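Good morning, and thank you for making time for this presentation. Please look at the sequence and the structure as they come up, and I shall then go through a few features.

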Amino acid sequence: MKCFNRDFNDMPTITTSVGAGNLMKLFGHCILASSIVFGVASAVAQEVEKTEEEKEADLERIVVTVERRSQDIQDLGGTAFAFSGEDLKAQGIQDITDISESIPGLEIGNNQGNVEVWIRGIGSSNNTELGDPAAATHLDGVYIPRPSGIGSAFFDISRVEVNVGPQGTLRGRNATAGSVNIIPWRPAIGQWNGSAEVEFGNYNHRTITGALNIPVNDVLAFRVAGIKTDHDSYYNDVGPLDLELAEAADNLGLRFQALYEPNDDLSIYMSYDFAREQGTGYTGTNYALPLGLGIDPDTIEDPRDVVGRGFSPIQDTIHDGFKFEITYDLGNVKLEYNGSYRDLIYDYQAATPLSPDFPGVFDALAPLDQALDDFSRFQFLTDSESIIHELRLLSDYDASRLTYTAGIFLFDERQQTFLASAGDRGGFFQGAEFNQPNTDTDSFSIYGDATYEFSADTRLTLGLRYTKDTKTRQGVNARYAFALGGFDVNTGNPFGCCMGARVGTEGFQFAGFGRSIYDPDQNGDGNVSDDEFLAFYFDGISQFGDRDTLDDIFANGVTQGGAENRPACSDSDVTDGLICNEDGTHSFAVPISPNNSITVQDGRIDNEFVDWRIRLEHDLNNDQLLYGLIATGHKSGGFNDTFSDPTTGLTLAPTYQEESVTLFEFGSKNEFDLGDIPTTFNFSAFYNDYRDQVFTNLLSVEQALEFNSGAPVDPLDATPGALVVSFSFNAADSAIYGMQFDGKFELPYDINFNWTALWLEAEIENSQEIQDSRFQADVAPDEAVFQSIDGNRLPRTPRFQLNASLSQIFDIGSGTLDYVISTGWRDSQFLTIFNSIDYQNPDNPRRRLDDSVDAYWTVDAGMGYTHGDGALRIEAFANNLFDEVRTAATIITQFDNTRFFTRPRTFGVRVRYTY
């Protein structure tokens, strides 16, 4: 791998109270460091003057397009990373989530199939239809609003570029953290070439990849590429069911491209890509059971050794899209049109494993047969269609001092989203549903970015972008709870409550987008009756399971206590102290809070914001660049779930405003000879002013009304069975600052050594108190209260981070042999804003609240042999060589401590033939 040169430019933010002092101190140190570096580099550079041609031969040049123009990365006044496709394959990197181990400050995790990108502490875990990413993901320059399934597009890749810091001017909305661009190879006119590759590895890994470039004539070429990947689950079911659990893959990717260049002025490029990911998806591992028993999670040998239940997860994700690009040279300016259409269909059904394996796990799960036969399930279903039109002008006159880009950008997304759960065997709770058939986003922006050369050495860049967003949603949210009466064996009460029922067993299917009732109040009287509640519930299920009983219990409607005709009873939970009545019936069967459990959704928000940047660059000489940069970015605002105010009868969908990041960065890039060794050394200091950060509470409707009015939230205003809503608001400002250093040594014998080091501080400041969402308001009202998070560290921000790689290529008699060894170190970090704090027991925190990740090392290695003229190549690779599995994302709620993990050690061999 080659860790390409980078600088430093963006990050969350610094507090106003101490921000100015920190900023001045940071940049004071930076200026002092720069003077030392420039002095040393200049002295070294003066010893041997080299021509540009000699310098090009000495140092490998890395060309990037992070600012939407081709330029040498050493000429970029900002922080960026670039990896070639071959470098990534050499280390065994299989998809975009693996890259985070190679770039300090970058965290990419897979949270239940959703790809989350965090750059220096700025990111988002709101994967609902209302959420937007904070780091923009692009495929071949096309913005991907929902990057699920994008991993299977990770083939025939020219390079991957990561631009660090807010990219509001050039990339637009939702690029406050930065951007990631996956750039495939394009067709080459006049060249017949192609490749075929097979790969085999552990976990029964099998991959076939191929690419073919077809020159039709002197002006037209096609390129066709594809990949088929399969591997077994990384999980192991230690229970008696022996299910195939999460993280098995059955993936297919295809890409078709055409390039037409009839003359020197006109270029037309078209592409279609298709990715399908099947297999078993991502459930994570719920640590609630061992943590509740006081077991140290570090003593659990393998977090993927779990006890499965119910059924194997089922994933089916299809992500495809078209791109159409026209470039016409008008003389001193180029006119470029980019149009794209993308469609994501994500369908995932799963029953989460019961527990990781630990001594005594089966005793803790007793009665085991009941636990294994629990078909409680969830289903995510998303259909996102997005259309982009962009028209821009690019200056193309080398003799001019002015270089500019100006354009208009239109974005349109139409979403259908569905999330539902079915609670098998449980008392009270039998499920929830969030069904939004219409979530629409429209965005318009106009922008300009220009660089003016005051002299051959000094340049000033100014950029400005205006954006207007509109987001709307219609749908319904519901929580289903039923009271089923039985005989209480402890009290002798024949009206004991509440028994469970069977729902979600084999053959069960939600209606999903097939629902026909979205307003439960069918008669329009302003209330939801028991019968209307049941009609709404049954409309959301297309087929009950073979062993379900809930449908039979309510086949004739509700049953009040004392009714003569009562439904048959089946005791689904032998641990609850309730049994069927002597005649084998339920004593009553009614919905709980039918009038407060279903809410029709209707929300809207309009946002307008302006992003800008200013950058001054100065070349001390041909090999030394000094720059200062201020840039902004915005992440779109949104609205909350709709809920009704019972005192006024009005419905509310409170809004929250956009987040903003302002980056201050100062840095330098330097190339010189250290003795006879071509050397690169870059550094930067950065400070991000992160404003109006959005956090989310989980509140009952009554509590949400109190919070929205500004009144204190009463913990007791959360009754069992009441609808709980997520309530997001602009809660805090944060300060993120630090320094980054990177370098490269091109040593004798074709040995290359690359390294990058990052120091990062990230603190929440000026925050409102937020509700402790690790507790559920209707279960633990005394703990689901508002707490201070001032001074907490932002998630995913290890203080010190390091990456290094060593590579070499040398000739042998029949060809060349090469190797690469790369390593990364990450300091300890937290994965939630609560930083593992137990507010009730600060001196003896409960383990289930632990969201920390200890410091760790990772090592990747690869070796390759290229035969003769380069047509045949054989490679061996090992990713995560020492099997350092760490938590990449965590979800902590009242009953869950679910963790998602980095890929385990994978290794294999591949053979490629190029022609």
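Residues are numbered from 1 along each chain as its sequence is written, and side-chain values use heavy atoms, with hydrogens and water left out.

Let me begin with the disulfides. A disulfide here is a pair of cysteine sulfur atoms within 2.5 Å, and a search of the whole structure finds two. Between C497 and C498, the S to S distance is 1.5 Å. C497 counts as partly exposed because its relative accessibility is 40%, whereas C498, at 7%, counts as buried. For these words, buried means under 20% relative accessible area, exposed means over 50%, and partly exposed lies in between, with a 1.4 Å probe and protein chains only.

The other disulfide joins C569 to C580, with S to S 2.1 Å. Its torsion about the S-S bond is about -75°, so it is left-handed. This pair links distant parts of the chain, 11 residues apart: C569 is in the loop between α8 (550-553) and β28 (578-579), and C580 is in the loop between β28 and β29 (589-591). Helices (H or I, at least four residues) and strands (E, at least two) are DSSP runs, numbered from the N terminus. C569 is buried, at 15% relative accessible area, and C580 is buried too, at 18%. With the bonded cysteines numbered in sequence order, the pairing is 1-2, 3-4.

I turn now to the nonpolar cores. Such a core is a set of buried Ala, Val, Leu, Ile, Met, Phe, Trp, Tyr and Cys residues joined through side-chain atoms within 4.5 Å. The largest has 58 residues, and I96 and I99 have the most contacts inside it. Strand β38 (residues 724-747) supplies the largest share of this core, six residues. Apart from it lies another core of 30 residues, including V476, F508, I517 and L534. Contact means heavy atoms within 4.5 Å; leaving aside neighbours within four places in sequence, I99 is in contact with L88, I93, L106, F154 and V160.

Two glutamates also deserve a mention. E761 is in strand β39 (residues 751-765) and, at 15% relative accessibility, counts as buried. Its side chain makes a polar contact of 2.9 Å with that of W759 and one of 3.3 Å with that of R793. A polar contact is a pair of N or O atoms within 3.5 Å; within protein, one must be able to donate a hydrogen and the other to accept it, and residues adjacent in sequence count only if both atoms are side-chain atoms. E336, in strand β19 (residues 333-350), is buried at 10% relative accessibility, and a polar contact of 2.7 Å joins its side chain to that of N338.

Finally, confidence. pLDDT is the predictor's confidence in each residue, from 0 to 100. The mean for the protein chain is 88, and 92% of its residues reach 70 or more. Over residues 1-20, however, the pLDDT is below 50. Where pLDDT is low, the predicted coordinates should not be read in detail.

Notes. Predicted model: local features only at pLDDT ≥ 70, side-chain atom pairs only at ≥ 80, totals over all residues.
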